[in-house]
Amino acid sequence: MSGAMDYALWIPVLPIVAFPIILFLGNVFKGTDLWRGKWKEGGIIATVVIGTCLGLSIWLIVGYIGQVTGNESVGQIGDWLSFHMVENGNLVSYSIGFGMYLDHVSVMLLFVASFLCFLIAIFSLGYMNSDPVNLDRNHRFYAEFLLFCAGMLGMVLADNFLWLFIFWEIMGLCSYLLIGFYYERPSAAYAAKKAFLTTRVGDVFLLIGLLILWNLFGSLDFSVVWAEDNIAAVDAGTLKIALFMMFVGAVGKSAQFPLHVWLPDAMEGPTPVSALIHAATMVNAGLYLVARMFPFFASPAMEGEFTDLAILIAWIGGITAFMAALIAFVQRDIKKVLAYSTMSQLAYIFTGLGAALWFANTGHEEIALLAFGASMFHLFNHAMAKGMLFMASGSVIHEMHHAHHEVSHHGSSESAERDAGVGAAGVDHAAHGGHEDHDHFDAQDMSNMGGLASKMPITATAMAVGSASIIGIPLIGGFWSKEGIVGAAWQASLTPGGAWMLVPAVLVLITAGMTGFYMSRMWFMTFAGKPKTPVANGVVEQTPFIPIPLVTLTVMTLGGVVFAGFEFIHWVADGDAEMHFTNVLSGIGVELKHAFLPSGEENGALIYLVTMLTIVISTIVGPAIAMALYGGRLAKGEKAKPWLAWLVSLSSRVRRKNHFDNSTWAESGLADSLHQRLYFDAWYDAAMLKIVVPFANACAWFDQHIIDGAIKGLEYGSQEGSSVIRRLTTGSGRDYIMMVALGTLAIFVLIWGVA
Amino acid sequence: MITNAKMTMRDREFALIAGLLAISAVLMYVFPSFAVENSAGQIDWVTLPLVAFPIIAGSVLMAFASMQPYRLKERIGQPIKLISLAFGLMMLGISSGLLFGWLESINWDLSQYNRYELEFEYAWMQSIGVSWHVGLDGLSFSMVWLTTVLIPIVMITTWEEKMGWYHHPLILMMGGALIGVFVALDFFMFYVFWELTLVPMFFLILKWGGDDRRYAAQKFFIYTFSGSLVMLLGIITLYFLQPSSQALIDQGVLTGRTFDMTQMAIGAQAAANADIAWLGINMQKALFLTFLLGFLVKLPAVPFHTWLPDAHVQAPTAGSMLLAGVMLKMGGYGLFRVCATLFPEALLEYQWLLLTIGMVSLVYGSFVCLGQTNLKRLVAFSSVSHMGIILLGIATMEPLGFAGAIFMMFAHGIISPLLFAVAGAFKHHYHTLEIGSMRGMAKHSPWLATFMMFGWMASLGLPLLAGFVAEITVLIAFWKAFGWWVILPGITLMVTAAYYIWSMQKTIFEGGDAGEMPESLGGKPAPDISMWEVSGMMLLAMLTVLFGVLPWIFFDMMTGYAFGLFDGILLNVIGGGA
């Protein structure tokens with residue numbers, strides 16, 4: 001273990017060092033054949049660096065799992081800031097240090113982050129470098145990508161809340177930069193601004209929360225603030241406010257209601273960015289932060305103090321899950337569907353964490369740990385699945401674009417070809433209609449796709465498995481964790497005092513069915529049926545590098561059962577205990593029992609009913625409706641792979657039997673307001689434009705005309721005054737003598753007056 | 001032939017700068033043998049090399065240049081710039097040598113009230129009790145180092161400024177005057193240098209400024225000078241309030257009084273130890289207010305700030321960089337050196353005043369920023385806003401708040417020159433400062449866009465850059481002192497992000513594939529920013545990262561200073577007051 005510990009610091013430091021190097025090399029060698037070809041414009045450096053980080057992480061993790069002493073601080077470097085405060089008339093010295101902290105949660109997230117960063121770096125080699133629109137600016141992408149990796153890995157490893165915040169902000173910066181990667185597009189610039197400012201609101205809350213926390217504990221180190229004695233010594237009310245403020249920060253970062261507006265717009269970034277930052281890693285930071293609050297809730301000294309905060313967390317989760325799933329119903333942009341799905345699934349985890357925190361705070365330790373573990377496992381599953389789904393959608397968009405290029409410019413004159421080569425091949429370009437020569441074909445619109453199951457077998461498979469994991473099809477990835485979350489929420493609402501948990505519990509149950517619908521809708525619209533445009537007909541799966549991460553993640557997701565069998569949920573929750581694990585099969589048995597009957601001692605029957613209902617609506621009802629609306633046979637002569645063919649033919653059979661018309665619904669006011677994202681964006685924009693901006697302009701006016709006006713008035717007055725006084729200087733001797741006489745008289749008057 | 005001539009010119013320049021560096025190295029080696037040593041065995045690195053040499057060299061160079069006919073000026077311009085730069089580098093070498101212990105082994109982190117390193121006193125105008133008294137502590141040394149590092153960077157950034165034979169010596173002179181303010185331990189000397197800094201800045205604005213430079217230069221001079229006059233009133237009052245001491249009369253001081261700050265500090269400390277207000281609380285409050293006014297005008301704080309935007313908008317790049325980087329810090333420095341050191345009771349009494357003015361500057365300043373459309377005005381008001389944090393740090397009456405405020409001065413001293421370098425380059429580049437008159441800067445000048453992004457991010461308090469350390473430390477102390485008032489700085493953080501991000505959206509981003517150029521260029525392509533500008537900005541950016549990642553290099557020194565101040569005098573006052 002010690003070997004890995006010595007190098008652990010390099011995990012965040014390596015990418016942060018490589019960041020300026022790639023930028024520099026890119027600026028120097030931009031445009032040369034060697035840099036574009038062999039070096040992939042810095043992509044090779046990025047992949048190697050991230051690969052090294054992954055290797056170091058795995059080394060660290062294996063060493064960590066190999067020893068069973070539990071939490072450990074590694075790589076304590078020393079004081080970063082040291083200072084004094086006045087306490088009771090004395091000067092007390094304090095310091096804020098930097099070090100690394102490993103426990104089961106951070107180890108898990110470390111693996112998720114480094115693994116996905118690595119896979120998405122490989123994906124980018126194919127996706128970014130084969131696209132002419134990115135030519136000569138890919139080095140910027142890879143550099144910022146690495147900086148982001150440093151932020152994420154650093155945040156996971158940090159041993160105190162201040163460093164967590166520092167890396168958190170670095171991720172925010174990278175998110176901003178990468179959303180604005182296509183800086184010349186107004187929509188991207190707007191989206192980047194929106195993302196930064198919205199998360200900034202949350203960040204300021206988080207910062208204030210940390211200030212309060214520091215003043216409560218005199219430290220932000222995990223080991224200090226989590227110590228039972230220290231928690232017992234602080235004021236519960238103040239601590240609750242601090243935790244609430246930190247939670248608002250998490251809401252901003254994880255795009256939860258009401259700070260969710262930035263995430264869908266963030267899809268302006270290149271698809272690897274969406275996959276990494278806005279699906280798999282950064283948005284999990286908020287969840288990680290809330291998970292880090294667990295010890296405060298679990299402290300016996302605080303029992304019953306924070307139940308309302310836990311319920312609030314679950315409510316925010318429930319509301320967001322439902323709302324996002326609802327909006328996902330009407331999205332036609334494949335990335336937007338995934339964006340709302342991300343919001344919705346993160347909200348699931350918030351609900352699960354809310355339930356876990358509630359149980360922890362009311363003294364139900366065992367089920368609290370179970371719910372906590374389920375939430376963390378869902379984070380894991382969701383990250384893997386959603387990263388894969390975004391990459392798969394990127395693959396679809398990329399090939400669609402390529403095909404569109406082939407179709408629309410095939411056989412045309414050479415000059416037209418060259419014109420198009422500059423702008424038209426831009427992958428995400430078409431969605432925004434920024435190009436006159438581009439006849440507004442939207443490569444991200446699912447209504448332009450269809451029937452891709454046979455043309456893109458790897459992508460279709462990956463998409464199917466990923467969707468299954470998100471939906472929670474039994475035995476696949478997300479199933480194991482989602483059942484745990486729904487069960488925990490219901491269990492909490494049935495426990496005495498937990499009636500308020502009923503709303504999020506109902507919402508996540510409904511959302512499970514909705515997830516089944518919109519994820520299936522996406523898959524069938526894209527891959528089933530006949531190609532809806534000639535472009536979709538010409539799609540070929542051909543870009544290098546892209547299949548590698550897709551296949552890897554497909555295996556990972558299908559292997560969720562193995563992770564479950566290793567009793568992941570128990571392992572991640574029980575920070576201090578040794579592993580429960582005996583063997584995989586019995587582990588699966590235990591997990592199956594949990595999944596279908598989460599700790600079913602009390603209210604067992606009802607919980608059983610709920611979990612069964614979840615399975616039924618998410619696995620059968622939701623997908624069936626989607627099949628009835630969007631299913632269909634492939635075009636003649638097209639054959640999908642056998643593991644997809646049955647799905648396609650099933651969908652066409654369902655559709656033929658139950659075809660119904662949804663046009664009235666699609667034209668209703670509800671659908672319209674869903675298209676408008678329930679008007680949140682409009683309200684926020686109006687608040688900015690109608691309140692903040694006029695106020696700022698008024699301030700600027702006030703400054704220029706009143707404050708500076710006063711100074712100018714003084715200036716003017718003194719000038720005018722002096723020009724009046726100047727007239728006394730007449731130059732005539734008589735006047736001066738008169739002046740002297742008057743002055744002398746005045747002096748005498750004064751002297752007499754005083755005397 | 002022409003290339004040949006150029007080559008020889010360049011060779012001569014290299015020979016010249018090498019020779020100068022060699023001479024300064026030899027001087028630095030020989031210097032100790034004829035320099036003065038104090039009782040602690042330290043050599044006076046301050047008086048001549050850091051204060052006198054730059055001022056003398058600057059004026060001599062200008063005088064020399066002005067004696068030449070114009071045609072010759074063109075030819076001696078480059079050597080004069082090089083000589084100025086060599087002097088700047090020598091100053092940086094000395095201050096870095098002091099920092100890292102190459103010249104004297106000094107532990108800057110240990111500090112005591114009224115105790116100075118490199119303390120030297122020479123008789124100056126003995127009959128009225130004026131002495132040349134210099135010394136450094138954690139507070140002044142950080143400012144001195146900041147000045148010495150900025151002088152060469154400013155010279156490099158503005159290397160191609162027209163009439164360099166006056167321009168660079170002026171900057172050099174400015175550096176000497178600024179260091180004079182920071183090292184002075186005698187009020188007379190302090191005031192002399194305080195006003196001396198106005199002179200080079202006045203000429204920088206007047207000669208190299210924008211269209212409205214006359215008005216701006218005058219406003220700058222008269223406004224800050226009026227503020228300083230009130231302070232002068234305070235200094236003279238302070239002088240006459242001291243009891244006449246027989247010992248000084250015996251030494252030949254006719255009035256028996258002194259301008260020496262350290263002597264006054266001894267009196268202030270003795271009074272605080274005896275639990276009485278030095279000079280009486282009412283007199284102390286009155287004096288405090290006179291000094292405060294002088295410092296607030298300089299800082300500047302709302303409502304005494306309106307000279308700053310005008311001066312900045314009209315000032316050339318070098319002027320703005322030095323103005324924002326170091327001149328504003330004179331105000332903050334004075335608050336510590338005079339107000340906190342000599343008038344602790346009054347400081348405690350007027351805590352609310354500092355809090356109010358600081359808060360108004362911070363919040364109001366940020367909203368005014370949001371209402372600006374001129375890039376330089378925006379950056380100028382952001383300075384006003386950030387200077388509010390210094391006042392808040394002092395108002396907390398916590399050592400952490402003090403240290404954070406000093407670090408804010410330091411960090412802002414590195415970041416704001418970068419901002420003004422960017423704004424100046426923007427002006428050179430596009431001939432306009434209107435935000436939104438052009439789009440897609442990332443396309444047509446990627447270097448400028450990169451540094452703009454970096455500087456803006458640093459200024460809005462991005463972690464691992466210097467500004468964040470200052471903000472977080474002041475805010476921790478602020479929460480302890482004032483609790484929920486922290487909401488207002490919190491709102492400011494959001495507004496700050498809003499105006500910076502908005503201004504980047506309208507300049508760096510957007511503009512389609514070709515980008516949009518401002519009308520001011522009249523269809524001509526924009527000239528690229530020069531390698532000089534790039535190197536200057538690059539150096540500033542590297543310093544920003546350095547002190548964001550390793551803040552302790554200076555933060556420990558500031559903590560030490562704050563500890564000394566509290567341990568020596570403020571703790572007595574707070575304890576007595578509570």
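1. In this predicted model, A:Arg677 counts as buried, at 15% relative accessibility. A:Asp681 is likewise buried, with a relative accessible area of 13%. These residues form a salt bridge in which the closest N and O atoms are 3.1 Å apart.

2. Over all chains, the structure holds 22 salt bridges. One of them joins the side chains of B:Glu349 and B:Lys285, at 3.5 Å from N to O. B:Glu349 belongs to helix H14 (residues 344-349) of chain B and B:Lys285 to helix H11 (residues 281-298) of chain B, so the pair ties together parts 64 residues apart in sequence. B:Glu349 is partly exposed, at 40% relative accessible area, and B:Lys285 is partly exposed at 21%.

3. A further salt bridge links the side chains of B:Arg377 and B:Asp310 (3.8 Å, N to O). It connects distant parts of the chain, with B:Arg377 in helix H16 (residues 375-395) and B:Asp310 in helix H12 (residues 307-314) of chain B, 67 residues apart. B:Arg377 counts as buried at 15% relative accessibility, and B:Asp310 counts as buried at 15%. Through shared partners, salt bridges join A:Asp708, A:Lys712, B:Lys219, B:Asp310 and B:Arg377 into one network.

4. The second largest pocket has a volume of about 980 Å³. Its lining comprises 33 residues, and A:Leu197, A:Thr198, A:Val201, A:Tyr684 and A:Met688 lie nearest the centre. By class, the lining has 26 nonpolar, two polar and five charged residues.

5. Which helix supplies the largest share of that lining? H32(A) does, with nine residues. Helices that each supply at least two lining residues include H8 (186-217) of chain A and H21 (487-505) of chain B.

Note on methods: Residues are numbered from 1 along each chain as its sequence is written. Chains are lettered from A and ligands numbered from 1 in the order in which they are written. This is a predicted model: local features need pLDDT of at least 70, side-chain atom pairs count only at pLDDT 80 or more; totals for chains, interfaces and linings use all residues. Side-chain values use heavy atoms; hydrogens and water are left out. On a 1 Å grid over the protein atoms alone, a cavity is a set of points where a 1.4 Å probe fits but cannot get out, and a pocket is an open set with protein on both sides within 12 Å along at least five of seven lines; lining residues have an atom within 4 Å of a point. Grid points are joined across faces, edges and corners, and a volume is the space filled by probe spheres set on the points. Helices (H or I, at least four residues) and strands (E, at least two) are DSSP runs, numbered from the N terminus. Ala, Val, Leu, Ile, Met, Phe, Trp, Tyr, Cys and Pro count as nonpolar, Asp, Glu, Lys and Arg as charged, and the others, Gly among them, as polar. A salt bridge is a side-chain nitrogen of Lys or Arg within 4 Å of a carboxyl oxygen of Asp or Glu. Buried means under 20% relative accessible area, exposed over 50%, partly exposed in between (1.4 Å probe, protein chains only).
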